[in-house]
Amino acid sequence: MTTLPDHTEKKLGLVIDLDTCVGCHACVTACKGWNTENYGVALSDNDAYGGDPVGTFLNRVHAFEVQPSNGAAQTIHFPKSCLHCDDAPCVTVCPTGASYKRVEDGIVLVDEDACIGCGLCAWACPYGARELDQSAGVMKKCTLCVDRIYNENLPEEDRVPACVRTCPAGARHFGDFSDPESNVSRLTAERGGMDLMPEQGTKPVNKYLPPRAKDRLTADTTAQQLKPVADSPKGFLAWLDKTLEAF
């Protein structure tokens, strides 16, 4: 079995703002495109336009309807990918050492040349963040776009995961959690960033920012907003109203 490092020099990961995510799936599309064309074996799609399509995705967005104790129901869009856990069970169950956690930055990766596609890591992951690529026969997972973030041939603003770079709502943030002054550390502290399923004991690096409380309109405020601004039309509207009455 594979062992986890005693420590990592950095803790690179994502902060995802559930209050800002609009569920547009731009992150899913960008992730699929980048990882199909670059790192590792291309992400396959089988029978993509048929009756039983099957494909490999490293990032997915789920949608849930939640009912607050007060007010109307809300739709929450919940992106999910590998959380690069400090105590990653997917690593320790791997019989070949293909799954490993890097000392230099804490990113969990798969050596696809060593992977035998046994699926033990997928069974061990409580988040369902690993997928067996049916065409390649190897396990695939989020790499935090390790081939982008260190690529000096890219402009500095592009040296972030593809999902972060493409998010139109600014709901995804990338940085080093080992630095208390980093953008992700500050966001987590200021907004009460949460672990996903902390009871599993995996110590996920990625954090989620909870939705903010929504403004709620009372009957009085609604009536005030719907109050007419004028008792009778004026200007162009008055002329239009008179003209239409003539017909």
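Predicted model: local features only at pLDDT ≥ 70, side-chain atom pairs only at ≥ 80, totals over all residues.

Residues are numbered from 1 along each chain as its sequence is written, and side-chain values use heavy atoms, leaving out hydrogens and water.

**Exercise 1. Find the residues of the largest nonpolar core that touch the most other members.**

Step 1: Recall that a nonpolar core is a set of buried Ala, Val, Leu, Ile, Met, Phe, Trp, Tyr and Cys residues joined through side-chain atoms within 4.5 Å. Buried means under 20% relative accessible area, exposed over 50%, and partly exposed in between (1.4 Å probe, protein chains only).

Step 2: The largest core has 38 residues, and Ile-107, Tyr-127, Leu-144, Phe-174 and Tyr-208 touch the most other members.

Step 3: Elements that each supply at least two residues of this core include β1 (12-17), α1 (26-37) and β5 (74-80). Helices (H or I, at least four residues) and strands (E, at least two) are DSSP runs, numbered from the N terminus.

Step 4: Now zoom in on Leu-144. Not counting residues up to four places away in sequence, Leu-144 touches, among others, His-84, Ile-107, Pro-161 and Phe-174. Contact here means heavy atoms within 4.5 Å.

**Exercise 2. Which residues of helix α6 (residues 183-191) are buried, and why do they line one face?**

Step 1: The buried ones are Val-184, Ser-185, Leu-187, Thr-188 and Arg-191.

Step 2: Look down the axis of α6: these buried residues fall within an arc of 165°, so they line one face of the helix. The arc is that of the directions from the helix axis to the C-beta atoms.

**Exercise 3. Is Ser-81 buried or exposed?**

Step 1: Locate Ser-81 in the loop between β5 and α2.

Step 2: Its relative accessibility is 6%, so Ser-81 counts as buried.

**Exercise 4. Is Phe-236 buried or exposed?**

Step 1: Phe-236 sits in helix α8 (residues 235-245).

Step 2: Phe-236 counts as exposed because its relative accessibility is 57%.
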